[in-house]
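User: Can you walk me through this one? I'd like to start with the aromatics.

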Amino acid sequence: MTRSRFGIAGLGVMGRNLALNIEEHGVPVAVWDVERAAVERFTERNAGKQITGVKSLEELARAIERPRRIMMLVPAGEAVEQTLAGILAHLDAGDVLIDGGNSWFLDTRERSRRLEAAKIHFVGAGISGGEDGARFGASLMPGCTAEAWQAIRPVFEAIAARSDSGPCVTRVGPDGAGHFVKIVHNGIEYADMQLIAETYELLRRGAGMAADEMAAVFEEWNRGPLQSFLIEITVRILRVRDPETGQPLVDRIVDKAGQKGTGKWASSAALDLAVAVPTITAAVDARLISSCKAERKALSAVAAALLSSPVPDRGRFADDLHDALLASRICAYAQGMSLIRAGSERWSWNIDLGEIARIWKGGCIIQARLLDTIMRAYEKQRELSNLLLAEEPRKAIAERSGPWRRTVSFAQSNGLAVPGMSASLAWYDAWRTADLPQNLTQAQRDLFGAHGYQRKDGGEEAPVVHGEWK
């Protein structure tokens with residue numbers, strides 16, 4: 001059997017494309033899948049390439065030169081555990097096992113400890129970019145030891161996407177850091193997609209634009225500060241016609257959005273870490289509401305619509321929308337970066353947020369021009385506690401505050417749901433307010449639960465006291 005230098009366990013969409021990407025960079029690959037027919041199809045289709053199909057995990061281990069580098073691309077949870085159980089007996093000290101799926105980061109931390117005790121390196125690698133990214137260059141977020149990183153670095157840097165800032169890969173930190181950052185990445189992705197959907201809704205209903213007109217607007221925006229992969233594919237989607245009806249295909253799609261759970265994971269992690277990410281959570285909620293199609297239809301039949309006619313000045317309306325989308329997007333990214341910072345502090349990962357922005361600039365779903373601004377902000381001040389404190393993002397939002405508020409006000413006054421934009425605006429307003437009304441909340445907690453409070457005149461280190469409310 002030809003000796004391979006890398007192994008892939010799992011030949012789903014990501015596994016197949018990563019195997020081809022790795023092989024094209026001169027690294028012979030051995031491949032395995034629980035479905036033997038999938039291995040046969042893949043190797044037959046790629047006959048002549050340096051790809052070896054194997055029938056078992058034991059064979060996979062035998063096919064790879066030591067120290068072995070094997071990447072699992074299987075569903076999170078039980079499938080990962082089953083694959084681990086099947087291959088561990090065939091590995092040796094110094095081998096590297098990589099989980100390239102979307103695993104819960106705390107599971108990755110536990111697996112890292114377990115395998116490192118057996119002298120086997122475990123890497124939790126976040127991978128973004130979908131099918132095309134896996135095939136032609138993804139954004140890679142490995143969490144592992146420095147030694148494991150040196151073992152996989154040549155391959156990961158070869159298959160990563162590239163931007164003007166270099167290969168879109170870095171060692172994020174130890175154990176679960178890579179999967180944690182990928183979870184936050186997906187949370188930002190949910191938020192950005194929701195914000196674009198709300199913008200589409202306002203252009204469609206608020207301005208009365210047809211799909212082709214909206215495509216032209218988004219295409220123009222994609223030449224400026226809103227430039228991003230998600231805006232780019234929105235233009236493409238709006239221009240595709242349904243072959244059966246000749247109508248825009250997007251208009252033929254049922255308005256129910258699915259999810260695989262990583263957005264919920266981001267919100268869950270944020271709650272555990274006491275970090276507010278309302279735009280991300282609003283995006284998750286919006287998908288949940290969208291799945292309740294029957295209930296929505298029933299309520300729409302008895303609750304009259306508020307919007308009577310489109311706005312008269314579509315040009316100004318679109319300009320306001322541009323600014324509202326940009327300001328809301330900055331907030332979504334800022335929330336994600338705050339969450340990564342909190343996770344890094346909680347688990348001592350020492351994550352470089354500027355590096356995270358850099359590796360997201362190419363290959364991944366949330367690649368956007370805004371990431372240059374974010375990267376510069378953290379290069380100037382690595383310990384920046386909130387992205388909104390950096391000059392560029394702060395000015396960008398301040399300059400767009402009026403259009404942003406007009407847009408959200410129009411939507412709410414006319415019964416158009418914009419939960420992402422509304423959440424972003426409320427989050428921004430709360431952060432820029434030095435004196436919030438939670439003094440009343442704390443007083444209520446003290447009255448009914450004797451939780452205590454601090455007095456304003458006692459300074460930052462004021463002792464907790466209890467009031468005599470009765």
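Analyst: One cut-off first: buried means under 20% relative accessible area. Also, this is a predicted model.

User: Fine. Is F180 buried or exposed?

Analyst: F180 is buried, because its relative accessibility is 0%.

User: How many aromatic pairs are there?

Analyst: The structure has 13. In one of them, the ring centres of F105 and F180 lie 4.9 Å apart. Their planes stand at 75 degrees, so that pair is edge-to-face.

User: Which helices do F105 and F180 sit in?

Analyst: F105 belongs to α5, F180 to α8 (residues 177-206). The pair therefore ties together parts 75 residues apart in sequence. F105 is buried too, at 2% relative accessible area.

User: Which residues make up the ring cluster?

Analyst: Ring pairs join W104, F105, F180, W265, W347 and W349 into a cluster.

User: And what about F317 and F410?

Analyst: They form an edge-to-face pair, with 5.0 Å between centres and 70 degrees between planes. F317 is in α14 (residues 314-346) and F410 in α18 (residues 401-413), so this pair ties together parts 93 residues apart in sequence. F317 is buried at 9% relative accessible area. F410 has 18% relative accessibility, so F410 also counts as buried.

User: Which ring does the charged end of R287 sit over?

Analyst: The ring of Y190. The charged end of R287 is 3.8 Å from that ring's centre.

User: Switching to helix α4. Which of its residues are buried?

Analyst: In α4 (residues 78-87), the buried ones are V80, T83, L84 and I87. They span an arc of only 100 degrees around the axis, so they lie on the same side of α4.

User: Why would that spacing put residues on one side?

Analyst: An α-helix has 3.6 residues a turn, so residues three or four places apart point the same way.

User: What's exposed on the face turned away from the buried side of α4?

Analyst: E78, Q82 and A85.

User: And what do the buried residues of α4 pack against?

Analyst: Strands β1 (6-9), β4 (69-72), β5 (96-99) and β6 (121-128), plus helices α3 (57-63) and α5 (105-117). F105, from the aromatic pair above, lies in that α5.

User: Last topic: how many disulfides?

Analyst: The count is 0. C364 is in no disulfide: the nearest cysteine sulfur, on C168, is 7.4 Å away. The cut-off is 2.5 Å between sulfurs.

User: C364 and C292: buried or partly exposed?

Analyst: C364 is buried, because its relative accessibility is 1%. C292 is at 32%, so C292 counts as partly exposed.

Technical notes:
Residues numbered from 1 in each chain as written. Predicted model: local features only at pLDDT ≥ 70, side-chain atom pairs only at ≥ 80, totals over all residues. Heavy atoms only, no water. Buried < 20%, exposed > 50% of the residue type's maximum accessible area, 1.4 Å probe, protein only. Helix = DSSP H or I, 4+ residues; strand = E, 2+ residues; numbered from the N terminus. Arc of directions from axis to C-beta. Contact = heavy atoms within 4.5 Å. Phe/Tyr/Trp six-rings, centres within 6.5 Å; stacked < 30°, edge-to-face > 60°. Lys NZ or Arg CZ within 6 Å of the ring centre and 35° of its normal.
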